[in-house]
Amino acid sequence: MKRLNNLYYSKRIKELLAELQTAGTTLVVAPMGYGKTLAVQYFLQEQERCGKKVLRQSIYGAGAEAFWQGVCHSWQNTELGAALLQQSLPADANAKTLVLELFRQLLPQEPVYWFIDDLHLLESSEAIDFLFALSKAGFADLHLLLVSRGQIFDGSRLLELGRKVFCLDKHDLALQRDELAEYSSRCGLQLTAQQLDALHEACEGWFSVTYLNFLNYDRYQRFCLDTGSVYEMIANVLLRPLPSEQQRLLLLMGQPEEFTPEQVAYAYGTSCRESVGRLLECNAFIIRLANGRLRCHHMLKQATRHAFGLLPEAEQQMYFRRLGQWYAQQKEYEEALDWLYRGRDFDGLLAAVQQLRDWSMHPQHRQHLFDWLCECPPEILWQYPQAVLIIMRRMFSLNMVPEMLQVKEWYVTALERNTALSQRERDNYYGELEVILSFLAFNSITGMSEHHRRAYKLLSGAPQTLSKQGIWTFGAPSVLGLYLRTGCSLRQTVEDMQECMPPYYLLSGWHGAGAAELTEAEALLLQGRIDEMDMTLQKAYYQAEKHGQECITICCDFLEMQRNLFRGVYSSKAEAYSRHQWQLQPWKQSMLLNSADMCAGFYYALLGKPEYIPSWLTDGNGQQPSVLYPARPCRNYISAQCLLAQGQYTELLVRWSDWEQECRPYSNFLCLLYLQVQRAAAFAGRGDVTSCRASLKQALAMAEADKLVLPLAQNIALLRPYLEQEAQGEYSAAAAAALHLGQQMEAGRGQIMSARFAEAGLQELTEQELQIAQLAAARHTNREIAQRLSLSEGTIKQYLNKIFAKLQIDAAAKNKRHQLERFFSNS
């Protein structure tokens, strides 16, 4: 009796698969048709029989978003899965750290085998980076099984993983001569030694081609050893010999990535359960998945899709339409969209869109988003204003603003033409439109507020386009860095924020709570009014924490860190931020970890401790962690301050033009001011007096009207002599105020350094340096120290410069010996 569809695993293969139980990560890499998936599935079924937990994920597209959706789906119904749903695919070091911490904390306390198939279809470097990081972490109970036609990790990464990874390739999976003989015997074929030799030589152990030859031999008593294409073999052996009905059914099975027998019968249009059953029984290229669905092997899928493309266009559209309708009936609306579009069923497509209020969108939908509406007959479009609204919302998030504005006109027309809407429904739709249009007014506080107020009057409930969980600051640690648009407008900006935020709170459920108070506190800090900002800062803290707005709390911490420098108080929050030991729970947004890095980096740059600055803030390799586009100007001026602290003046000047241009689209005046001050400081650091004075004059002109002296004061170490000159000139008031505030900051910084870092700094001194430092702290002159130690005054001066550097005492400060005296009194 022939048993051609029986699966065969040799003793050698079974022994190799047993190694997967002890491997943290297994890479199975071989060309198509070598039985990679079947071998891993066989191993996993054995584990399931032993009660082990098995997760399966298949890659069906190249995009990162689809991959991450698959990750979340794999871990659904677990605590880890719920946490992963709150994240996106980690694209930077902070995000990876957060997601790995989720795995560490929330992995089930039992062995888990996570199988990811067809990784060769994935074109996302971020996804591969994530899998590598997960493999490198080496969680004891997590076994990753990664299958691909091509290389997954490069050679250097394989070396780095070492014994954490186990590899199988085509040579391990290929049938050997004796295994081919045993396989043919188990299938019920009686082959001669010569036939086995010829088959093994022609197929080279290629499992799928061997199977096709067995089918052909059983039917025609001959092998297909001279075929030029495996796809032609599939067509000749599996497709063309079938009756017409079964041919169509097999073509339909090859269209979806996964399918059910009921789905195929629905798409075919008549009762054909028996024909479907016969196809499944006699075709080993159709694989039954753990979720109960089926999938065609890639070779069969490609062959059937080629044949399907030769059908008349009207017939193809009919089948596409039925497939889309099937997904819609199953409430798999995202899957339905592309099929309905290909089937030209715009009624069904827009009806499906209306079910997708929280639509994450597959990557392929972005390409067709505008086409759907352009090609939809107007009389259909006008019946679905809610669908048009949802598409328009997605267009904004995809930066398709010109298309979005065109769709706005269609949306308004749809509302006016749809006579079935009640006035309340119509008002709600117009209210949602106002919310969407408000984003186009960023960063005009009053412009956005006009839309918010209109939306509030129109809506009968909370808008669907706003989420309290969204990051109100876009990841920036400074509100005025986002919203201060011009000079001479600081007071007006504060008043606008105080007036416009309360209506927005009512509309959004307190999204961004504390921002109004925070804006006033930041304005006071920028003007150097340190003692006046405490009350408003505490109010901002209270509102943000009361309403769960972590992004506003981070901005409050950013101000507190800067304020405490003037008071000589070391910021424990900065230390916690730099180590990511802070209040945010690990399933919150990873972008806020980058915000925390910016806070800590800026603080330690001002403190003069560049070794504590997160490296990504000064790396120029383009691999920077993500913040949303509106927050990039804030990130840039923080990076510039970090470069100054490291003495990388040339690097700052090289990048300055790009940074300056990124402030222009949204008129980020405060960020421009910081960059202009930092440019002057960089020129000063390079000794370029002329350029420093020119840049400093521009900065003073920008700062004077609103008395924004903080950026100047924070760079006093490099700008002091130039500010002293300007204090006698055109911008004397701003220069004098910056000098006064800068002296306060230097004094506070000195107190922190002596109190916090004195002991560590003293331990770095050599015995000779310590002796000289003690004499200098006792107010001995360089000459007196030189005479006592039998050294020259020049040598003593060189020693003292080294000592000041080791103790982090500003070489430009006038009271260096006083700071040195404090070091010894505090240590």
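Okay, housekeeping. Because this is a prediction, local features need pLDDT of at least 70 and side-chain atom pairs count only at pLDDT 80 or more, while totals for chains, interfaces and linings use all residues. Residues are numbered from 1 along each chain as its sequence is written, and side-chain values use heavy atoms, with hydrogens and water left out.

Let's start with strand β1, residues 25-29. Helices (H or I, at least four residues) and strands (E, at least two) are DSSP runs, numbered from the N terminus. Four of the five residues in β1 are buried, and buried means under 20% relative accessible area, exposed over 50%, partly exposed in between (1.4 Å probe, protein chains only). Which strands does β1 pair with? One is β4, residues 142-148, running parallel to β1 with five bridges; there, V28 stands opposite V147. Another is β5, residues 165-168, also parallel, over four bridges, with T25 opposite V165. For strands to pair, DSSP has to find at least two bridges between them.

Now the cores. In soluble globular proteins, nonpolar side chains tend to be buried together. A nonpolar core here is a set of buried Ala, Val, Leu, Ile, Met, Phe, Trp, Tyr and Cys residues joined through side-chain atoms within 4.5 Å. The largest has 120 residues, and W472, Y483 and L723 have the most contacts inside it. Helix α35, residues 669-686, gives the largest share, 13 residues. Apart from that core lies another, of 92 residues, including F259 and M400.

On to aromatic rings: there are 30 pairs. Rings of Phe, Tyr and Trp (its six-membered ring) pair if their centres lie within 6.5 Å; planes under 30 degrees apart are stacked, over 60 edge-to-face, and the rest tilted. Why is the F132 and F153 pair called edge-to-face? Because the planes sit at 75 degrees, with the ring centres 5.7 Å apart. F132 is in helix α6, and F153 is in the loop between β4 and α7, 21 residues apart. F132 is buried at 8%, and F153 is buried at 1%. Y505 and W510 have planes at 20 degrees and centres 4.8 Å apart, so that pair is stacked. Y505 is buried at 6%, whereas W510 is partly exposed at 33%.

Last, charges over rings, where NZ of Lys or CZ of Arg is within 6 Å of the ring centre and within 35 degrees of the ring normal. R342 lies over F320, 4.1 Å from the ring centre, and R417 sits over W382, 3.9 Å from its centre.
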